[in-house]
Amino acid sequence: MTDISVNSVSSEKNAARIRLAQRIALRFGLYAMLLVFALYYLMPLFVMLTTSLKSLDEIRTGSLLSLPRDIDFTSWATAWSGACTGIQCDGLQPFFWNSVLLSVPAVFLSTLLGAVNGYVLAQWRFKGSNILFALMLFGCFIPFQVVILPMAIVLGKLQLAGTIGGLVLVHVVYGIGFTTLFFRNFYVTVPQELVKAAKVDGAGFFRIFYSIFLPISPPIIVVTVIWQFTQIWNDFLFGVSFSQAGTQPITVALNNIVNSTTGVKEYNVDMAAAIIAALPTLIVYVVAGKYFIRGLTAGSVKG
Amino acid sequence: MTEWLEKHAPKMVLAPSFIAILVFVYGFIGWTAYVSFTRSKLLPKYDLKGTIQYERLADSPRFEVALTNLAIFGVLFILFATIIGLTLAILLDQKIRTEGPLRTIYLYPMALSFIVTGTAWKWILNPGLGIESVMHDLGWTDFAFNWLVDPNLAIYTVVIAGVWQSSGFVMALFLAGLRSVDNEVIRAAMVDGVSTPRIYMSIIIPSMAPIFLSAFIVLSHLAIKSFDLVIALTGGGPGYATDMPATFMYAMAFSRGDIGQAASSATVMMVIVTAIIVPYLYSELRPRHD
Amino acid sequence: MTETTQSILSIENLDKSFGAVKILKDINVSIEPGEFLVLVGPSGCGKSTLLNCIAGLEESTAGDINIGGRSMIGVAPKDRDIAMVFQSYALYPTMTVGKNITFGMKVRGTPEAEQQAKLNEVATLLQIDHLLDRKPSQLSGGQRQRVAMGRALVRDPQLFLFDEPLSNLDAKLRVEMRTEIKRLHQTLGASIVYVTHDQIEAMTLATKIVVMKDGVIQQVGTPNEIYNHPANMFVADFMGSPSMNLIPAQATSSGNSTQISIARAAGDELVLNFDREISGLNGSGSKEVILGLRPENITDPLSIVAQSGQLADCQIDVVEPAGSDTFVVTSLGGKQVTARLRADAEVMAGQSASLAFDLTKASVFEPDSGARIA
Ligand SMILES: Nc1ncnc2c1ncn2[C@@H]1O[C@H](COP(=O)(O)OP(=O)(O)OP(=O)(O)O)[C@@H](O)[C@H]1O
Ligand SMILES: [Mg+2]
């Protein structure tokens, strides 16, 4: 009798041990898979970075995935100030500043307009305001090809063709839909009684906006600014359609460097240029990833 | 006077944006649609000439390639991005200790410009020095990878790069969805002895239908607009093997000087997008009865 | 402004529609200075809408609202000399308690010194002096409630409007704040319109109650009138807890006595004498009626209030001891009828007990229209 009980205890212990081993194996497999995916996502960045630090010789003879033998920053210098974008050979630098000059006012204006629009659409609804919102929202989803031709003509008429001002206008107009959506969805969660209380307190439309709504808005302002900055900095279609040699944004210049046919193909310079072009939005992403993700998901879920 | 101002302030504040949208979105769409029914060539003409541009589009082998590519790219891109995104989300949902950093890694491509993505993958996939040479170094000397320059396969490189860039985003969507599933239901199922895979298959995933819809909308929207990625990765080539409606339209408008074809192809894109987006927006904005 | 009374508030023939839906129908109410008017009614009946119309936060569709004898047509909320306390408190989330209270004065350009003086006065009155530098998110529910009241009190308006100010508090705090509001009303002598759907709040606070249903006023009266002489079955049912028993019955008049008979489950009838006149029942005749009898008018025979009662044996279905009283449920006229007995009454479920019916305070209603007929 004692025998049997000892036996069953030990077999139970065994079973527990097996279950534990299975669990550990499962966890291990899980982490391994996650790691493989991480490597897959990191690989292009790794290749860009290592390639940009190699000499052309090493690139030709070495392997794509190898670390650079000696670190060489000359291709970065070339990408920044010497690479050719067509006939011009000043590197990315002037275009980098074009992009800055373009995104700062465009981000500011579209965020500001989005904030007041969202405030009206969430808290000061009037007859038909929901339809206005739907019409504005639809504007976010159109393929921009459908507006490019008339836009080019109108920019020409406004004397803005090929100017940074013209690009700012374009980005503001086609950014309003999203910025309005962000702010509207944020302000909709504020109880209507807040506005009523402020009205009874004697505050008007603008006063309520800057005394009560603006102070609660920093999170959504950050989300919107990041979203707009990423969109505008990374834009290519508007840049390539509405700019000229001196006013091109950095994405267009990068594409030109990569596709420029003069001289030897300098892969390391291409990669350095790509990283430079990506750096501002990457930094924003690393610093404020939480808000970046919130913008992405807010932009896709719910109207 | 100030009373009047106060009363109409909301509408007046909204007016500039709304007028801008009215002109720059709806007016322009109207203009493009109108011009697509004219004989416009280098310059826009305004006398209606029927559906000639659409007949030309229908006859154009290049546009046919563009539409086929859009179909191939759209289906594969949406499919793989969704599968990978959902897989990652489920894997990450298993109380992973390093979830934060991993999520950051999976999602960073979304912060990049498609031009950067295209540039990087163009280099990685290039036939001489890219993946091919890695395989050769690993001892697989007859490995050949020339999709980038093969007219029949080049479109798949666009899929690879596109999925790489967007699947992390789909993961973020699904992860948010997984986290919002009612915990009580899951606990109840666990108590009932339902296995984890079964819980996912029969409880969690079916409850995320709205997320699938959102992901589908965003991805299809990205697919139709895909312009930058094609330009940077293949330039639409070899030949026009990787053309998409977006690049076709651009080529017609800016290098071929054929405004009629540009306008009509843009209108076709618009129609496709509208067919997907309008029902979606309608269902999202419809007042809910609770 | 048709008539010049000294009413603080008078509402005349007010209509309000949202689109095609009529929310308020022909509302007429007025209150005198110092009155505490409570608007009660079920959820969605239009109480908040009426309050918003008084505040000028919603425009009325027809009719007029006078505050302090002045017509309010086209007058903005800020110029109506009112203050309002909201259900969600509506405290400005980024401002401190002090700033919340002084915001209105700041907007109006009141001198800084006066703002401070008023703030201190109100803070002392409400015992929130120590909270002035906190943000609303750092306050408890009851404290938020006080701040919201403080914001209204600094205005020192002609008329206070309260929209369900206690409904977000837990039961204990609600009773405390109820007393506090009553005390404030008495010390300040303020005129108040107060919305609630809690009929106990209405009974304890009001000097005048307005009962609403579906945008129509059902009855206006003192708490006593509303409780003892409900104008119709809706008011009878809505006010009082547990609510009034509404028992289908047959009224028969024979010369100068009236009998009310109620069918019982056993097949027999309970016949009670009724000593008032039932309108529509003239001379001799018979009529279907609804007898309205509050639980406290059906008691045990030993109870002191049972003196004028008529005794009858009833089958007891359920016994619910409630501490100070014992409620029992029996079945009369096919309805569950609640009676309120002494706590130590000896009754048991399933047995029968003698109950005393006091019909002096009973109401009688017309079954179809629900209107009071006695
Ligand atoms: N802005 C509006 N547009 C359309 N209908 C509205 C609006 N505001 C309120 N209503 C409707 O008017 C009716 C009355 O609403 P109100 O808020 O006045 O009810 P209430 O009596 O205060 O209810 P509660 O006790 O739940 O607060 C409701 O049916 C509501 O749906
Ligand atoms: Mg209400």
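Chain A is divided into domain 1 (9-72) and domain 2 (93-298), with bounds that come from an automatic or database domain assignment. The model is a predicted one, in which local features need pLDDT of at least 70 and side-chain atom pairs count only at pLDDT 80 or more, whereas totals for chains, interfaces and linings use all residues. Residues are numbered from 1 along each chain as its sequence is written, and side-chain values use heavy atoms, with hydrogens and water left out.

Taken over C-alpha atoms, the centres of domain 1 of chain A and domain 2 of chain A are separated by 37 Å. The contact between them (heavy atoms within 4.5 Å) takes nine residues from domain 1 of chain A and nine residues from domain 2 of chain A. About 710 Å² is buried between the two domains, 82% of it on carbon and sulfur atoms, where buried area is the accessible area (1.4 Å probe) that two parts lose on being put together, summed over both. On the side of domain 1 of chain A, the most area is lost to domain 2 of chain A by Met48(A), Ser52(A) and Leu56(A), which together account for 59% of what that side buries.

Note on methods. Chains lettered and ligands numbered in written order.
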